[in-house]
Amino acid sequence: MSRAETKKYPLRKEVKGLPRQFKSPLKNIFMLGHVPRLSGFLQRTRAKLGLEKKPPTAYSNEKALNELRKIISDLELDSRVLWDWKRKRFKY
Amino acid sequence: MLKYSLFLGCYIPSMQPFAEIAFRKIAPQLDLELKDIEGATCCPVPEIVRLIDHDTWLVVAARNLALAEELGNDILVMCNGCWETLHEARSELLHDEKLREQINSFLKFSGKSFKGTVKVKHYSQVLAEDVGVERIRENVKVDLSNINVAVHPGCKLYKCEEGNAVKYMVEIVEALGVNIVDYGIMRVCCGYPLMLASVDKAIHERTKWKLDAMKKAGAEMIVVACPACYDQFEKAELALKDEGLEYNLPVIHLSELIALAFGFSPKEIGLDLHGVPFNHIFKELEDVL
Amino acid sequence: MSREEDQKVLVYDPNVCSGCLYCMVVCSYTHYGEVNLEKAHLEVLRDPFNENRFINVHCAHCQDPFCQAACPVEPKAIEKDPETGFVTINPILCIGCKSCNFACPISIPHFDDYLKVSVKCDACKGDFLCAKYCSTGALKIVTRREALERVKYESS
């Protein structure tokens, strides 16, 4: 809430979102199913080392990611942390 | 042949693939058969998701455990955080029948359910208990006795097997023939969870403290069992380098050290991909190999 | 007396603690919704007598609390639940005089600048999340009887 708004509505309570530190890991869990992003460089490195480009986890498995998202919306975690699925970011 | 389902977590496949390839290379020599858990997601992170919502943490962990139950083998975990999540969620669900039914009702749509038939094991625990330290010692082909290492087990291993996992890790490192230096504060945290609260405090009051003690004791590299500790040590060393403090203490995973001792070349397991270079130790290594 | 002995308290084992301070992160998040070490109701410090160790300052939920005795308000703002034994501050009755802050031997109640009252550990309503989420298992939930036995054992 900006200062002008505080002056206009002195009794209005500020909406407290998640702490800043939790936002980016949680966003990645919502979007990728994992905490860090698997970059193109790392994918090439994996191939060079003789591994699959993407591990068979939620990085490459669309079904697993959808199941995770369903669990999250069933338990209403997304609405409690004020996550906007359309804009793909936190509202606050 | 010992069969395990391999749960890698997030950090190892996406940021530290060298630890994964090293473990996959040493597994056949130790008669371990590893099967990937297809469709696994984040464990999820105990530090963040459990704090925000305990139920989501339990359901997602139960889903990962249920996937491993379909494969039927015990889970081998390569990350301390994943070990904590899967182990604690499992014991919490096993002890509370009502909670188990409630959590399973959220998994019904995917046709999975948690039963609690498989165990969760950290890889140091598997290597020491099921494979055996003797077996590792037999397989050592390269003499690494001129390298001084500092062992950092990481906080969560103190909970694993009531603290025995730390002993296991030290035993394994000893069996590889490297020289372990005693720097006095092995137990102290690397500072990773503190990064959530204060980056400055984490780097200067925890990581720097540990690095100073290691350097003073004459260590040449740090052996870790946890990808978060690995990340923290490397990040802190690079951050402190900007402040003019150079440590040159490369960080190595336990699996990589085992692979080196088993005779795999440093290039093969991607030792050149580390953030803190191994150059000064590399020369010695290449002479040996 | 027997009921009092079965009440739950926190114990801390400095031999196991790794000083990760995650308990303080948990405490400040559960009570304030933010990650701020200064707002935590417990504190892990470097041991002044042994620099490689840590000590933890946490509320013992005393059998006869000093903070309650020092509270000047009538009815008392600090109450001890006879069933669970948890000592809590009622923020509606508290006048923010800081008497309890000085009365407590380890200064557990502290003044909250935002609420303008004293605050202290409320045992997360019986959950003790700091002990539940402790990384190493250094913080444990035990009954008062076990805790007293342990103190006797350690001091002997």
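Author: Two residues are in contact if their C-beta atoms, placed from the backbone, lie within 7 Å. The model discussed here is predicted.

Reader: Leaving aside neighbours within four places in sequence, with which residues is B:Ala62 in contact?

Author: B:Ala62 belongs to the largest nonpolar core, where this residue is listed with B:Val77 and C:Cys23 as having the most contacts inside the core. Once neighbours within four places in sequence are set aside, the partners of B:Ala62 are B:Ala89, B:Leu93, B:Ile103, B:Leu107 and B:Phe114.

Reader: Which element contributes the largest share of the largest nonpolar core?

Author: The core in question has 163 residues. Its largest share amounts to 10 residues and comes from helix 4 of chain B.

Reader: Which element gives the most to the side of chain B that touches chain A?

Author: In this interface, 32 residues of chain B are in contact with 34 residues of chain A. On the chain B side, two or more residues come from each of helix 1 (11-15), helix 2 (17-26) and helix 4 (54-71). By class, that side holds 20 nonpolar, 6 polar and 6 charged residues. The element that gives the most, with 5 residues, is helix 4 of chain B.

Reader: How many charged residues does the side of chain C that touches chain B have?

Author: The contact joins 16 residues of chain C to 17 residues of chain B. The chain C side has 10 nonpolar and 6 polar residues, and the number of charged residues is none.

Reader: Within chain B, which helix gives the most to the side of domain 1 that touches domain 2?

Author: Chain B is divided into domain 1 (2-122) and domain 2 (140-288), whose centres, over C-alpha atoms, are separated by 25 Å. Their contact takes 20 residues from domain 1 and 24 residues from domain 2. On the domain 1 side, the elements giving two or more residues are helix 1, helix 2 and helix 5 (80-95) of chain B. The greatest contribution, 8 residues, comes from helix 2 of chain B.

Terms used: Residues are numbered from 1 along each chain as its sequence is written. Chains are lettered from A and ligands numbered from 1 in the order in which they are written. This is a predicted model: local features need pLDDT of at least 70, side-chain atom pairs count only at pLDDT 80 or more; totals for chains, interfaces and linings use all residues. Helices (H or I, at least four residues) and strands (E, at least two) are DSSP runs, numbered from the N terminus. Ala, Val, Leu, Ile, Met, Phe, Trp, Tyr, Cys and Pro count as nonpolar, Asp, Glu, Lys and Arg as charged, and the others, Gly among them, as polar. A nonpolar core is a set of buried Ala, Val, Leu, Ile, Met, Phe, Trp, Tyr and Cys residues joined through C-beta atoms within 7 Å. A residue is buried if 20 or more other C-beta atoms lie within 10 Å of its own, exposed if 12 or fewer, and partly exposed in between; C-beta atoms are placed from the backbone. Domain bounds come from an automatic or database domain assignment.
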